[in-house]
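Please look over the sequence and the model below before reading on. The report then takes up a few places in the fold, one after another.

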Amino acid sequence: MNGRGLEGFYRAGLRLLSRCQIRVAGREPLSVQARMTGADRARFVGTLRASPHAGPDPDVVVERTRHADGTERITLHSAAPRPLRLPVEVALGTDLAALGAIASGTAGPEVPASVHDAGLRWSDGKEASLVTADPPAADALASAGLLCWEIELPPGGSATVELRVRPDGAGPVRAVGRATSPLAQVGASGDDPGVQAFLRTSVEDLQALLLRDLADPADMYLAAGAPWRCGLAPADALAAARMALPLGTRLAAGTLRALARGQTTGPGQQSGMIPGPRRDAGGHLPPGCTGTEATLHFPALLAEARRWGMPEQETEELLPAAERCLTWLRTTVGDGVYLCDPQPGGPVRCETQAHAHRAALLGADLLDACGRPGGAGLREWAQALRSQFRADFWVDDLGGGRPAAALAPGGRPVPHLGATAVHLLDAGLLGGGELAAGLLDRVQTEQLARLLGSPAMDSGWGLRGLGVKEAGYNPFGHRSGAVRIQETAIAVAGLAAQGYEKEASSLLRGVLAAAGVFGHRLPEMYAGEQRTDGSTPLPHPAACRPAATTAAAGILLLTTVVGIRPDAPAGTVTLRPVRSAPLGEITLNGLRVAGAPFSVRVSRLGLAMVEEAAEGLQLGV
């Protein structure tokens, strides 16, 4: 940890430590390995030659295990034939910079250190951080930021120093324990050797990102991702909870309750909205409002959670908040058809119409099921939106046409081809295993599938955020060319549901291949460079890892292969597996449907078989 770029220990958006460098016998160990061993921990290994005349072979291994709770354990292992006495120095420093300053490249210089008990302390007058050591350092030099030890190693022996980083005056970080986790412990097996590890790390990442709501610690939701967004991002939390429904409905319920508490109420145009910040949309469009997206996700998540088995009492308790979201939608649209974003006067975005259409149809289904009025009006508006969208948003060209990314003020289409179009394939789940209607007609859907499966969009590692032939394409652009796992997973699920298995399978296999390169722990995004023989995906230097939507996308990708479509209120579950069986035989066990464990196997012939299910749950047609 050299203090460059994003490096450091963070807590509550503050960099507590930016530099932690080790010297043994006056030398830095030669780094030989660095890897993540879990969603919240990493291992670094270095070697050195400490014995005189030892030859080319190192005889001391320096192992550093770093944990997100602010702990770093430094262990020296000796393979020398004689006892060693080694001076060890750890150079520490921090700028106490805020995350925003680091992101914008405006972090200041390091803050002077002072000696404090068994370690060092830094303070800028407002914030302070502390590093303590066990065993205590034999010497501490504040001016140089040094902690020093004399370590004695017998032949074949080891010695450990543990550093703890925390804000001055703060207690230790306590993670959500597995005993209270809202996530089911699932497993996978099958022909593809990477599936088991991919599912395991996806769940581990979700577990590591769990946060308790301060207003009610029994409710849990997902932080958006580390290091940039270690708090609640409403749109991401709802999207991740929706993709993670196969792990149970408790995460969805906790997320919905937490956001319902912060829902805007009272008079005004924003009444009923779930507040959320603006988000960059790439070079072709202005930033969008994630509050709009979250408000539309809320009723859709509640409706689908009910299908997966959310208890009726919980559904009824959350229904008023969902009704307020739907009322906001109808009020904001008014006598028109489209929902612009941001309000008022923003562009009419393609994905916003997809989210709104899904919210209306699933919301209407939810209202009808719960005996509430308003469903008919939502369906009528959704039908009008479909008709208008198919005429206004389709841009004809020599290649067969494409959906516009947006309509600019005045109605001019913004024609670039990007990954946001995948939301047009995400219609949502209704009763009896049926999917809601989509915004595109059958011919338009077929053309979109062809475009998403083309080399312009399919990088071989997943779906690019922007087509390679579009103006402004940048393989590292987080909204303009990089592969984003969430959009890729939505594309796979949507394409498979519409019967375009070739395109879905290509994207699926590309992501799983990339996952193997990243130790099955995918980052939020990586470069959209074209895959070639012998190549590997290029990491994005600013990607969150772990990220909530990425980890949840792993669940969506694998459950898409087996095609689970539950209807718990009706006591049925329908299976629509990918018939081409792109991963060969696969078994998923420990999922949750109707509040009980659910296991399913898909054969190499693409036939699905339920192996465990709730008592009385019937297989739908």
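This is a predicted model: local features need pLDDT of at least 70, side-chain atom pairs count only at pLDDT 80 or more; totals for chains, interfaces and linings use all residues.

## Nonpolar cores

The largest nonpolar core has 137 residues, and among these Phe-298 and Ile-564 touch the most other members. Contacts of Phe-298, leaving out residues up to four places away in sequence, include Leu-238, Leu-256, Leu-259, Ile-274, Leu-318 and Cys-325. In soluble globular proteins, nonpolar side chains tend to be buried together.

Helix H8 runs over residues 375–392, and its 18 residues reach 26 Å from the first C-alpha to the last, close to the 26 Å expected at 1.5 Å a residue. Its buried residues are Gly-375, Leu-378, Trp-381, Ala-382, Leu-385, Arg-386 and Phe-389. Because these residues cover an arc of only 150 degrees around the axis, they lie on the same side of H8.

The buried residues of H8 pack against helix H6 (312–333), helix H7 (350–369) and strand S21 (394–395), whereas Ala-376, Glu-380, Ser-387 and Ala-391 are exposed on the other side of the helix.

Gly-510 belongs to helix H11 (residues 501–517) and, at 0% relative accessibility, counts as buried. Apart from neighbours within four places in sequence, Gly-510 is in contact with Gly-460, Trp-461, Gly-462 and Arg-531; the C-alpha atoms of Gly-510 and Arg-531 are 8.8 Å apart, although 21 residues separate the two in sequence.

Thr-549, in helix H12 (residues 548–562), is also buried, with a relative accessible area of 7%. Beyond residues up to four places away in sequence, Thr-549 touches Asp-236, Ala-239, Ala-240, Met-243 and Gln-486.

## Salt bridges

The model holds 42 salt bridges. One of them joins the side chains of Arg-402 and Glu-470 at 2.8 Å, N to O, and it links distant parts of the chain, 68 residues apart, with Arg-402 in strand S22 and Glu-470 in the loop between helix H9 and strand S25. Both Arg-402 and Glu-470 are buried.

Arg-601 takes part in a salt bridge with Glu-611, with the closest N and O atoms 3.0 Å apart. Since Arg-601 lies in strand S30 and Glu-611 in strand S31, this pair ties together parts that are 10 residues apart in sequence. Arg-601 is partly exposed, with a relative accessible area of 22%, and its side chain also meets that of Glu-585 in a salt bridge of 3.7 Å, N to O.

Technical notes: Residues are numbered from 1 along each chain as its sequence is written. Side-chain values use heavy atoms; hydrogens and water are left out. Helices (H or I, at least four residues) and strands (E, at least two) are DSSP runs, numbered from the N terminus. Buried means under 20% relative accessible area, exposed over 50%, partly exposed in between (1.4 Å probe, protein chains only). Contact means heavy atoms within 4.5 Å. A nonpolar core is a set of buried Ala, Val, Leu, Ile, Met, Phe, Trp, Tyr and Cys residues joined through side-chain atoms within 4.5 Å. The expected span of a helix is 1.5 Å times one less than its number of residues. The arc is that of the directions from the helix axis to the C-beta atoms. A salt bridge is a side-chain nitrogen of Lys or Arg within 4 Å of a carboxyl oxygen of Asp or Glu.
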